[in-house]
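Please write a short report on the aromatic rings in this chain. Begin with the chain as a whole, then turn to the rings.

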Amino acid sequence: MNKKVVIISVIIILAIISIPTAYKVVTNHQKNLYKVVNNKIIESAKRCYYDEVCQDEKITLEFLYQNNYLEEKVNDPVSKEYYNELSYVIRNDDNYEFVVVS
């Protein structure tokens, strides 16, 4: 009886430690994937502004594709679905933000 209680206690302790840790690792990994994709899109938009091809405050992915600032379609790193071409990068002074349109 005592042996069973010890084994069950060890299993519960391991579960209490490992489940939240695994969740945090997966969540951080997904955040980093989104960060990489967003930076790729924003860097393309910045290049477009620096080349003076883009004049508007809002640049769509479609425009970036058409003008070869993004060579291939960009997809959501978690769901693997391609972003809508109407998704855009908005520029406010030197702040850039990628906005996903569903």
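Of the 102 residues in the chain, 23% are buried. The model is predicted. The accessible surface of the chain comes to about 7,700 Å². Carbon and sulfur atoms hold 56% of that surface.

Now the overall form. The radius of gyration of the chain is 22 Å, whereas a compact globule of 102 residues would have one near 13 Å. The C-alpha trace spans about 75 × 25 × 20 Å along its principal axes.

The chain has two helices and three strands. Along the sequence they follow the pattern α-β-α-β-β. Helix 1 covers residues 2-50. Helix 2 covers 61-66, and strand 2 covers 88-92. Strand 3 takes in residues 95-99. Take the contacts with a separation of 6 or more: 45% of them join residues 24 or more positions apart.

Next come the rings. A pair of aromatic rings is described by the distance of the centres and the angle of the planes. The count here is two aromatic pairs.

| Pair | Centre to centre | Angle between planes | Kind |
|---|---|---|---|
| Tyr49 and Tyr96 | 5.8 Å | 55° | tilted |
| Tyr83 and Phe98 | 5.3 Å | 75° | edge-to-face |

Why is the pair of Tyr49 and Tyr96 tilted? The planes of these two rings stand at 55°, so the pair is tilted. Planes under 30 degrees apart would count as stacked, and planes over 60 as edge-to-face. The pair of Tyr83 and Phe98, with 75° between the planes, is edge-to-face.

Where do the partners lie? Tyr49 is in helix 1 and Tyr96 is in strand 3. They are 47 residues apart, and their pair links distant parts of the chain. Tyr83 lies in the loop between helix 2 and strand 2, while Phe98 lies in strand 3, so this pair ties together parts that are 15 residues apart in sequence.

Are Tyr49 and Tyr96 buried or exposed? Both Tyr49 and Tyr96 are buried. Tyr83 and Phe98 are buried too.

Which residue lies over the face of Tyr49? Arg91 does, at 4.1 Å from the ring centre.

How values were computed
Residues numbered from 1 in each chain as written. Predicted model: local features only at pLDDT ≥ 70, side-chain atom pairs only at ≥ 80, totals over all residues. Heavy atoms only, no water. Phe/Tyr/Trp six-rings, centres within 6.5 Å; stacked < 30°, edge-to-face > 60°. Helix = DSSP H or I, 4+ residues; strand = E, 2+ residues; numbered from the N terminus. Buried < 20%, exposed > 50% of the residue type's maximum accessible area, 1.4 Å probe, protein only. Lys NZ or Arg CZ within 6 Å of the ring centre and 35° of its normal. Rg over C-alpha atoms; globule rule 2.2 N^0.38 Å. Contact = heavy atoms within 4.5 Å. Areas by Shrake-Rupley, 256 points an atom, 1.4 Å probe, with all protein chains shown as cover.
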